Amino acid sequence: MQNNPDIRFEMRHDIAVVTLTRAKKRNALNDALIASLRHLFENLPPETRAAVISGEGDHFCAGLDLSDLKERDAGEGMHHSRSWHIALERIQYGPVPVVAALHGAVVGGGLELASACHIRVADESAFYALPEGTRGIFVGGGGSVRIPRLIGVPRMTDMMLTGRVYNAVDGERAGFAQYLVPTGTAFEQAMQLAQRVATNAPLTNYALTHVLPRIADQPADQGFITESMMSAIAQAAPEAKQRVRDFLEGRAAKVSKQ
Ligand code: 1HE
């Protein structure tokens with residue numbers, strides 16, 4: 001990873017900043033980049049409280065490096081797909097919330113990478129597509145699991161059957177991104193959000209990134225029980241007690257309109 005010129009890692013205070021730096025190939029993800037992403041998220045410094053992922057150049061990420069799509073047999077193809085699953089799982093269920101700063105192409109595996117993050121901030125140049133459908137392949141980086149949870153099965157089916165491309169405005173409405181910001185400002189906005197997320201109690205962030213998606217996948221009766229347990233654990237933490245006391249004694253910010 002340390003020797004991979006296609007990715008950059010830096011700490012900005014307690015925020016891990018991960019940048020795809022393969023702009024001349026539109027940040028297409030080859031095996032080495034997937035391995036580097038996995039390594040990075042498995043080895044975040046202990047002081048990390050949130051992370052931001054972005055891409056250099058005109059595009060966030062053009063997906064799987066198609067030149068890597070060699071003559072794999074079925075077994076090799078399965079392991080290749082699983083290597084993406086493991087790497088993106090380390091992002092989704094890693095130690096900290098991850099914010100993706102999106103611009104330009106967010107396509108194929110690039111959209112799968114974005115959908116493994118917890119918050120997506122897109123600028124007005126962003127566009128979303130799943131060209132796998134028209135290239136005779138299928139998503140293999142967790143897209144069939146994560147993307148329908150963002151936009152629903154019918155929209156994903158349409159994208160793959162017809163090659164439909166969503167622009168930034170329609171994409172935000174459909175659910176690809178939670179934030180739509182002016183062109184060129186996605187990274188700045190993502191950093192601001194990450195800094196805010198970093199001030200939450202770590203246990204709350206853990207509940208939101210690890211427990212909430214599991215609850216959402218459970219039948220309602222099991223979800224309610226899991227929620228009660230997480231709620232009890234969170235409110236028992238000394239940090240929660242201190243934060244509630246701060247509010248009651250007028251020391252904490254009120255909820256206000258933005
Ligand atoms: C690539 C890739 C790539 C660009 N693999 N080399 N993803 C796709 O099918 C998207 C394919 N890419 C594109 O449609 C376009 O490149 C973009 C819309 C993203 C950008 O267009 P543009 O005009 O800015 O760039 P370009 O001229 O198309 O590409 C610049 C170079 O990047 C060029 O190489 P060059 O040596 O001729 O300069 C391209 O070949 C190269 N490039 N995208 C390899 N994806 C786990 S399963 C996931 C399944 C998938 O993700 S399938 C891939 C879906």
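In the predicted model described here, a backbone N or O atom of leucine 66 lies 2.8 Å from a nitrogen atom of the ligand, a polar contact in the sense of a pair of N or O atoms within 3.5 Å (within protein, one must be able to donate a hydrogen and the other to accept it, and residues adjacent in sequence count only if both atoms are side-chain atoms). A backbone N or O atom of alanine 62 is likewise placed 2.8 Å from a nitrogen atom of the ligand, while for glycine 109 a backbone N or O atom lies 2.7 Å from an oxygen atom of the ligand. Of the 1000 Å² of accessible area that the ligand has on its own, the protein covers 66%, with areas taken from the Shrake-Rupley method with a 1.4 Å probe. The ligand is surrounded by 22 residues, the closest being Lys25, Leu64, Leu66, Gly109 and Arg135, where a residue is counted if one of its heavy atoms lies within 4 Å.

Residues are numbered from 1 along each chain as its sequence is written. Local features need pLDDT of at least 70 and side-chain atom pairs count only at pLDDT 80 or more, whereas totals for chains, interfaces and linings use all residues, and side-chain values use heavy atoms, with hydrogens and water left out.

The chain is divided into domain 1 (7-198) and domain 2 (202-248), with bounds that come from an automatic or database domain assignment. The centres of the two domains, taken over C-alpha atoms, are separated by 27 Å, and their contact (heavy atoms within 4.5 Å) takes 8 residues from domain 1 and 7 residues from domain 2. Between them the domains bury about 690 Å², 46% of it on carbon and sulfur atoms, buried area being the accessible area (1.4 Å probe) that two parts lose on being put together, summed over both. In domain 1, Arg49, Tyr93 and Arg149 lose the most area to domain 2 and together make up 58% of what that side buries.

Between domain 1 and domain 2 there is 1 salt bridge, defined as a side-chain nitrogen of Lys or Arg within 4 Å of a carboxyl oxygen of Asp or Glu. The side chains of arginine 149 and aspartate 217 meet in a salt bridge at 2.9 Å, N to O.
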